[in-house]
Amino acid sequence: MPSPHHVLPPSEDELYTRYILEGTKQRDLADHYGVTIEQLRKWLSEADIKKKTDIPPDFVEKYSYQGYSRKDLAMHYAVKPSQIESWKMRTGAIKRNFTKVERLKKRTRQEQA
């Protein structure tokens, strides 16, 4: 096995896709990249990639009915926007079409915040 300091880490997007979205185990990722599990964990830590398996209970309400954007939700829950995409897929959450009045109320709420 090559020494971990001679192996360049994969991109954060690749790590995130393989570890979070595809669910590849750390051992399998370490083997794939030819590094120790400790090195892989260092890469994950440096990229701030953590498994967040629990979907917040108010996620669907905020996304589907209150009209929060992916960016707003990512900031609210302190996760990457790609995590919001994962939660959307796992919950089947869809954006509801808002009436003009509802959009105006939302805009007013945001301006007051």
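Tutor: Happy to! Let's start with Leu44, which has a relative accessible area of 3% and therefore counts as buried. Please keep in mind that this is a predicted model. You will find Leu44 in helix α3. Leaving aside residues up to four places away in sequence, Leu44 touches Leu15, Tyr19, Gln26 and Ile49. For a sense of scale, pick out Glu102 as well: Leu44 and Glu102 are 58 residues apart in sequence, and their C-alpha atoms are 41 Å apart in space.

Two of those neighbours lead us on. Leu15 and Ile49 are among the residues that touch the most other members of the largest nonpolar core, together with Tyr33, Val35, Leu40 and Trp43. That core has 15 residues, and α1 (12-21), α2 (26-33) and α3 (37-46) each give at least two residues to it. As a general background, nonpolar side chains in soluble globular proteins tend to be buried together.

Now turn to Tyr33. Again not counting residues up to four places away in sequence, Tyr33 is in contact with Val7, Pro10, Glu14, Leu15, Arg18, Leu40 and Trp43.

Just after α2 comes Gly34, with a positive phi of about 70 degrees.

Let's move to some aromatic rings elsewhere in the chain. Two numbers describe such a pair: the distance of the centres and the angle of the planes. The model has four aromatic pairs. In one of them, the ring centres of Phe59 and Tyr63 are 6.1 Å apart and the planes are at 10 degrees, so this pair is stacked. Phe59 and Tyr63 are four residues apart in helix α4 (residues 59-65), and therefore about one helical turn separates them. Phe59 is buried because its relative accessibility is 0%, and Tyr63 is buried too, with a relative accessible area of 7%.

Compare that with Tyr77 and Trp87: their ring centres are 5.5 Å apart, but the planes are at 75 degrees, so this pair is edge-to-face. Here the pair links distant parts of the chain, since Tyr77 is in helix α5 (residues 70-77) and Trp87 is in helix α6 (residues 81-91), ten residues apart. Both Tyr77 and Trp87 are buried. Ring pairs join Phe59, Tyr63, Tyr77 and Trp87 into a cluster.

Finally, look at the two helices that hold Tyr77 and Trp87. The axes of α5 and α6 are 8 Å apart, and the helices pack at an angle of about 105 degrees. Angles of 65 to 115 degrees count as roughly perpendicular, so that is how α5 runs relative to α6. On the α5 side, the contact is made by Arg70, Leu73, Ala74 and Tyr77; on the α6 side, by Pro81, Ile84, Glu85 and Trp87. So our walk began at buried Leu44 and ended where α5 packs against α6.

Key: Residues are numbered from 1 along each chain as its sequence is written. This is a predicted model: local features need pLDDT of at least 70, side-chain atom pairs count only at pLDDT 80 or more; totals for chains, interfaces and linings use all residues. Side-chain values use heavy atoms; hydrogens and water are left out. A nonpolar core is a set of buried Ala, Val, Leu, Ile, Met, Phe, Trp, Tyr and Cys residues joined through side-chain atoms within 4.5 Å. Buried means under 20% relative accessible area, exposed over 50%, partly exposed in between (1.4 Å probe, protein chains only). Contact means heavy atoms within 4.5 Å. Rings of Phe, Tyr and Trp (its six-membered ring) pair if their centres lie within 6.5 Å; planes under 30 degrees apart count as stacked, over 60 as edge-to-face and the rest as tilted. Axes are lines fitted to C-alpha atoms, for helices over the stretch in contact, and angles run from 0 to 180 degrees between N-to-C directions. Angles under 35 degrees count as roughly parallel, over 145 as roughly antiparallel, 65 to 115 as roughly perpendicular and the rest as oblique.
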